[in-house]
There are 2 protein chains.
Amino acid sequence: MSAETLERRRESPARARILDTATRLFYAEGVHPVGIDRIIAEAGVAKATFYHHFPAKDELVRAYLEAEHGRQRAAAEMLRAASAGPREALLSLFDHLGETGAGPMFRGCPFTNAAAEYPDPAHPVRRTVAGYRRWSRELFRDLLAGCGHPDPEGTSAILMMIRDGIVVGSDLDDPDALRPLVRDAAVRVLDAPVPPA
Amino acid sequence: MSAETLERRRESPARARILDTATRLFYAEGVHPVGIDRIIAEAGVAKATFYHHFPAKDELVRAYLEAEHGRQRAAAEMLRAASAGPREALLSLFDHLGETGAGPMFRGCPFTNAAAEYPDPAHPVRRTVAGYRRWSRELFRDLLAGCGHPDPEGTSAILMMIRDGIVVGSDLDDPDALRPLVRDAAVRVLDAPVPPA
DNA sequence: ACGGTACCAGACAGATCTGTCTACGATCGG
DNA sequence: CCGATCGTAGACAGATCTGTCTGGTACCGT
């Protein structure tokens, strides 16, 4: 198969319709409860077309998560560019997280939600989730290093805890009660004295 | 139906076998992927017996979560009793969380995992999850109030974020790297100056 | 004009799943 | 001894699900 063929296939409007529909349904209702039949019906696509673009449902799940990863990378890059410095970028990342979590369509983190449906850590979907989380943690770490934090490694892991807590809590508890605490939480972790250890 | 009948039914060994098996399988593999047929086969119980004790699968899921809630209540009470004061109790709760997360069978929080499989917030299973989270948050709040913290309300919500971050991270990232950071994270949140707000 | 590719429509196999049902044995209080 | 209850074993209906396959249409580069 030629490179142009692969390229054309990746840009196919049918493929885009499948991926858009899957993104909407997977995020709103979960992966396993949403069947292929439903996706192709709502995308207006034939079954053969679906299996032409995606060899199996799991590959569609992976593509859904990869696309989400791409969107988050772009959003993070925009926030970083609009911020005065690394510390402001970090804090606006958390503000953004709190705002997203208070939106009406928020249903938690697509990655952790998907991971909950794939118990096997060796599964390709789980590896995709792991890749996203690695990127997220490294983003925190690099911004911390950029603003001269004495412990970027450990603090990035603790910021990751805060991040997970915001997305889980915004989904399962009251997101409006959580939102005003988001920046406070990040600042507490950022400005706390690092233990001697 | 008499009160004794209900009591006998609740203590039935067949019911206990069903619940134990369901607990093991639901936690390890998720709720939807584990079918009734598999549960009754591994529990050594007839199908009619299952539907005699549980009107539907969702009720079994609820019972599984309620039982887990009970175990966590007992564990928290033990830790509280063994601690010198509320602050020590709080910190040992987090230590306990980190240790559990590093165990070989750890698969994340049973409640958030179950919630990820039930998108509808009005579903009985989701209400059960919400009840557990309310209890957990109030436990934090009361311990904070007990050790004279100036902002038990907001800080309990931030500790809840840390809690969620520990269970998610222990499942999806490297639990052994996370464990030494757990107490540090809790202390940073506990001892940070409360913003003027 | 022709071959390759993309696409639609839908039947189909084979394997799930939940929940109901029949039929029968064991135990135990009254 | 009798009726209620608890239990086992398993067939069954009805609705899923994934992935394959057939058949036909349309475009596009050569």
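This is a predicted model: local features need pLDDT of at least 70, side-chain atom pairs count only at pLDDT 80 or more; totals for chains, interfaces and linings use all residues.
Biologist: What relates chain B to chain A?

Modeller: Chain B can be laid on chain A by a turn of 180° and a shift of 0.0 Å along the axis, with an RMSD of 0.0 Å. That is the relation of a two-fold axis.

Biologist: Through which surface do the copies meet?

Modeller: The copies meet through the same surface, because 100% of the interface residues of chain B are also interface residues in chain A.

Biologist: How many aromatic pairs are there over all chains?

Modeller: A pair of aromatic rings is described by the distance of the centres and the angle of the planes. The structure holds twelve such pairs over all chains. One of them joins Tyr132(B) and Trp135(B), with 5.8 Å centre to centre and 40° between the planes, and counts as tilted. Tyr132(B) and Trp135(B) are three residues apart in helix α8 of chain B, so about one helical turn separates them. Tyr132(B) is buried, at a relative accessible area of 1%. In chain A, ring pairs link Phe50(A), Tyr51(A) and Phe54(A) into a cluster.

Biologist: How many cavities of 30 Å³ or more are there, by this rule?

Modeller: Rolling a probe the size of a water molecule over the atoms shows where empty space is left. Here the count comes to three cavities of 30 Å³ or more. The largest cavity has a volume of about 220 Å³.

Biologist: Which residues line the largest cavity?

Modeller: There are 20 lining residues, and the closest to the centre are Thr112(A), Asn113(A), Val168(A), Thr112(B) and Val168(B). Helices α7 and α9 of chain A and α7 and α9 of chain B each give two or more residues to the lining. By class, the lining has twelve nonpolar, six polar and two charged residues.

Terms used: Residues are numbered from 1 along each chain as its sequence is written. Chains are lettered from A and ligands numbered from 1 in the order in which they are written. Side-chain values use heavy atoms; hydrogens and water are left out. Copies are superposed by least squares on the C-alpha atoms of residues with pLDDT of at least 70 in both. Contact means heavy atoms within 4.5 Å. Rings of Phe, Tyr and Trp (its six-membered ring) pair if their centres lie within 6.5 Å; planes under 30 degrees apart count as stacked, over 60 as edge-to-face and the rest as tilted. Helices (H or I, at least four residues) and strands (E, at least two) are DSSP runs, numbered from the N terminus. Buried means under 20% relative accessible area, exposed over 50%, partly exposed in between (1.4 Å probe, protein chains only). On a 1 Å grid over the protein atoms alone, a cavity is a set of points where a 1.4 Å probe fits but cannot get out, and a pocket is an open set with protein on both sides within 12 Å along at least five of seven lines; lining residues have an atom within 4 Å of a point. Grid points are joined across faces, edges and corners, and a volume is the space filled by probe spheres set on the points. Ala, Val, Leu, Ile, Met, Phe, Trp, Tyr, Cys and Pro count as nonpolar, Asp, Glu, Lys and Arg as charged, and the others, Gly among them, as polar.
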